[in-house]
Structures are given as C-alpha cells and as structure tokens.
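Reader: I've got a model open on my screen and I'd like to know what the labels on it rest on. Can you take me through some of them?

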Amino acid sequence: MYCLQIIALFSTCVLSIGCTTPTTSSSQDNSRQVDKYATELVKNDKIREVYIKCLLEKGPCNEDAADVKKMLPEAVQRGCAKCSEMHKKIIEKMMLHLQEKQPEILKQVSAKFDPKGEFMKTFLSKLKPITNDKSAKPVENGQKTEKSPTAASQPEQSTQASQTQQPKPIKN
C-alpha cells in the first residue's frame, strides 16, 4: 500500500512538471518544482529509505528509484550529463543529505558505485556550492572576511575622532 502512495505522489509530481511549456518563465517554474519535489523527497524518511534500500540492493526499487540507481554511476563519474533534471536534483540532494546526515550510508553507496574511490569525493565537492547559503560571506584562505561588529565600528570612531581633533587654522 505504501509503495502505491509513493508511486502516486511521484506520478502526480512528474505529470504536473512534465506538462509545462519550454518558455523561460515556465522553465524557471519547472526548475523550482523539480527542486521542491527533490527536497521533499529527501526530507521524507520513508521515501528516502526506499531509495537507499534500492541503491544498496537491500529492498525493492520503485521505477524512479531504479532510474536513479541506474544514473548514479553516470552522475558520480561525469557530473550527471545524461541525467534528466529530476534525476539530477534527486541525486544531488540525496548525496548531500547522506554526506551531512548519514555518512555511514554514504560510505556504503560509495563502495557500491565507486569502489576504487576515484570519483565520489570530486562529485561531492562539486555539490557543496549548491547548498551554501547565498547570504553567507565568502571565505578566503580559511579566514572569515567579515569583521566583528566592534572591529567594524572602530575605524569609524577613529575617523570621527581625527576629524574633531584636527587643529583649527589660526587666523591672523
């Protein structure tokens, strides 16, 4: 019964995404819908577990999980050049989730899909920028680039002080 719910959820989402027209605004809407769907899929413990069991051959695969399993080597080795947008987002979000929340499962997936360890580390490092907070300040050479509030306010105070302490010209 649960598998039918998963398939129905996926089918509904794919149908609503797949029917958009390829104009710029629709393309952006489609990307947002795909991103939202992939995010919700990875957040859902039960659905995520179905995918993980499928990837590790510890449980049955629904159609989409089987497609993701088939595309994972391509994704890891060549950056998902042949993946659909949906599969690419699911793989990216799933792998990032595993890296951040379930590293022991990631090791198992890595051992299965990249047994020599040639590609997975590079693949994961390329995904990092996707999850960074866009409002965060860039980091250079391991140093934070933003100043502390006190350090930022100190130059202003010294500038104001130097302006008020400058000698006034003497009039003859």
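Reader: Let's start with D114. Where is its place in the chain?

Author: Look in the loop between α6 (103-113) and α7. Bear in mind that this is a predicted model.

Reader: What makes D114 a residue without a salt bridge?

Author: Distance. A salt bridge needs a side-chain nitrogen of Lys or Arg within 4 Å of a carboxyl oxygen of Asp or Glu. For D114, the nearest side chain of opposite charge is K116, and that is 8.6 Å away, so there is no salt bridge, even though D114 is buried.

Reader: What does the side chain of D114 have by way of a polar contact?

Author: A polar atom of that side chain lies 2.8 Å from the backbone nitrogen of F119. The cut-off for a polar contact is 3.5 Å, so the pair counts.

Reader: Now R48. Why is it called buried?

Author: Buried means under 20% relative accessible area. R48 has 10%, so it's buried. Helix α3 (residues 45-55) has other buried residues too, including I47, V50 and Y51.

Reader: Which residue forms a salt bridge with R48?

Author: That's D45, with the closest N and O atoms 2.7 Å apart. The limit is 4 Å, so the pair passes. Both residues lie in α3, 3 residues apart, about one turn of the helix. D45 itself comes out at 52%, and since exposed means over 50%, it counts as exposed. The side chain of R48 also reaches the backbone oxygen of V42, at 2.4 Å.

Reader: What caps the N-terminal end of α3?

Author: N44 does: one of its side-chain oxygens lies 3.0 Å from the backbone nitrogen of K46. After α3 comes E57.

Reader: Which parts does the salt bridge between D35 and K89 tie together?

Author: Their side chains meet at 3.6 Å, N to O. D35 lies in helix α2 (residues 24-43) and K89 in helix α5, so the pair ties together parts that are 54 residues apart in sequence. D35 is at 26%, which falls between 20% and 50%, so it's called partly exposed. D35, K89 and K93 are linked in a network of salt bridges.

Reader: How many salt bridges does the structure hold?

Author: There are 7. One of them pairs R78 with E74, at 3.2 Å between the closest N and O atoms. Here R78 is exposed at 51%, whereas E74 is buried at 8%.

Reader: Which residues lie nearest the centre of the second largest pocket?

Author: A75, R78, G79, F123 and K126, out of 14 lining residues. The lining divides into 7 nonpolar, 3 polar and 4 charged residues, and the pocket's volume is about 170 Å³.

Technical notes. Residues are numbered from 1 along each chain as its sequence is written. This is a predicted model: local features need pLDDT of at least 70, side-chain atom pairs count only at pLDDT 80 or more; totals for chains, interfaces and linings use all residues. Side-chain values use heavy atoms; hydrogens and water are left out. Buried means under 20% relative accessible area, exposed over 50%, partly exposed in between (1.4 Å probe, protein chains only). Helices (H or I, at least four residues) and strands (E, at least two) are DSSP runs, numbered from the N terminus. A polar contact is a pair of N or O atoms within 3.5 Å; within protein, one must be able to donate a hydrogen and the other to accept it, and residues adjacent in sequence count only if both atoms are side-chain atoms. On a 1 Å grid over the protein atoms alone, a cavity is a set of points where a 1.4 Å probe fits but cannot get out, and a pocket is an open set with protein on both sides within 12 Å along at least five of seven lines; lining residues have an atom within 4 Å of a point. Grid points are joined across faces, edges and corners, and a volume is the space filled by probe spheres set on the points. Ala, Val, Leu, Ile, Met, Phe, Trp, Tyr, Cys and Pro count as nonpolar, Asp, Glu, Lys and Arg as charged, and the others, Gly among them, as polar. Lys and Arg count as positive and Asp and Glu as negative; His and the chain ends are not counted.
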